[in-house]
Amino acid sequence: MLDYIYVTAIGLLLIVVTVLLVLVLLRGKRALAEKIVFGICCFILIYKLIHFTMYCTIYNKRIIEQIPVEISSISYFLFPIAYLTGVKWLKDSSRFIAFMAGFIQLIAMSVSPQSFVLSEMPYFTFVESIALHYALFLGSFICITCIEPLNIKQIPLTLTVFTVLVLWGGVLAAQTWQIGSNIMFVQQNVIPPFLLIPGFDKGKLYILEYIMIFLVYCVAVYGVSYACHKGKRGEASAWNMGPIRNYIAYLQSVNVVEDAADSGSDKADVTAEL
């Protein structure tokens, strides 16, 4: 019983504390927010690359078996790569999907702790899963609330990318080399029996409930994103999406200011000498 309470408490605390701290401490501090997200993205990407390499070398796993299939696994690469490279057409999609992956994990821990307690996963795997999903949740939440709002005009593209990933994990990959890794495994892990609409546990009707929940999620996440950015648009810093390009531009702007200051100083010296 205590295990259930611990898992539920961890999920709820991570959500509540994170939301409060981000909205209070990072509000109006875009440069700091970008620096934090930059660090989170580097951590996730480096960790998963090491993880991928170890499994394919030390543990002699087939590379094809390590190809990401489930939404979270894909987000571990999609979110940091999109942020660090500044790919515009993936920007909103990666943040939207990463937040969903991280948030669903924390919500699942809160409302359905038995799916974690009874999974018999090793303690390290359990902690690793929480840490990585929380990193997705924290990084994407900071992005959409403190850095740049989700773009309503990009909704069709975002939903298209999401649909492609669902088809990839739920149809293509599940029917080829990842038998049994269907992306809809969350039907058992996320929605506990007491939340299922009566009769929707028969056949594939639970998918309709997922669609309704997904629509509510879309409205909520876009609403929160725009509400947090209402009336303010901070300037991007060198740590923003695509930091290499931005950093070069940042250095150039600094050099221009320094050159102007030096030029003004030289003119002042000449005037003084005259």
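Predicted model: local features only at pLDDT ≥ 70, side-chain atom pairs only at ≥ 80, totals over all residues.
I take a salt bridge to be a side-chain nitrogen of Lys or Arg within 4 Å of a carboxyl oxygen of Asp or Glu. Residues are numbered from 1 along each chain as its sequence is written, and side-chain values use heavy atoms, with hydrogens and water left out.

**Salt bridges**

I looked up the salt bridges and found 3 in the structure. Glu148 and Lys91 meet in one of them, at 2.8 Å from N to O. This pair links distant parts of the chain: Glu148 is in the loop between H6 and helix H7 (155-172), Lys91 is in helix H4 (residues 88-111), and they are 57 residues apart. Helices here are DSSP runs (H or I, at least four residues), as are strands (E, at least two), numbered from the N terminus. Glu148 is partly exposed at 21% relative accessible area; buried means under 20%, exposed over 50%, partly exposed in between (1.4 Å probe, protein chains only).

Asp92 and Arg95 pair with closest N and O atoms 2.6 Å apart. Both lie in helix H4, 3 residues apart, about one turn of the helix, and both are buried.

Arg30 and Glu34 also form a salt bridge, with closest N and O atoms 2.6 Å apart. They are separated by about one helical turn because they are 4 residues apart in helix H2. Arg30 is buried at 13% relative accessibility, and Glu34 is buried at 0%.

**Helix H2**

I checked the length of H2 (residues 30-57): its 28 residues reach 40 Å from first C-alpha to last, close to the 40 Å expected at 1.5 Å a residue. The expected span is 1.5 Å times one less than the number of residues. Buried residues in H2 include Val37, Ile40, Cys41 and Ile44. Their cover includes helix H3 (71-85) and helix H6 (123-147), by contact (heavy atoms within 4.5 Å).

**Cysteines**

I searched the whole structure for disulfides (cysteine sulfur atoms within 2.5 Å) and found 0. The sulfur of Cys42 is 7.1 Å from the closest cysteine sulfur, in Cys41, so it is too far for a bond. Cys42 is partly exposed at 24% relative accessibility, whereas Cys218 is buried at 14%.

**Whole chain**

I counted 10 helices and 0 strands. Of the 274 residues, 40% count as buried. Residues 24 or more positions apart account for 79% of the contacts with a separation of 6 or more.
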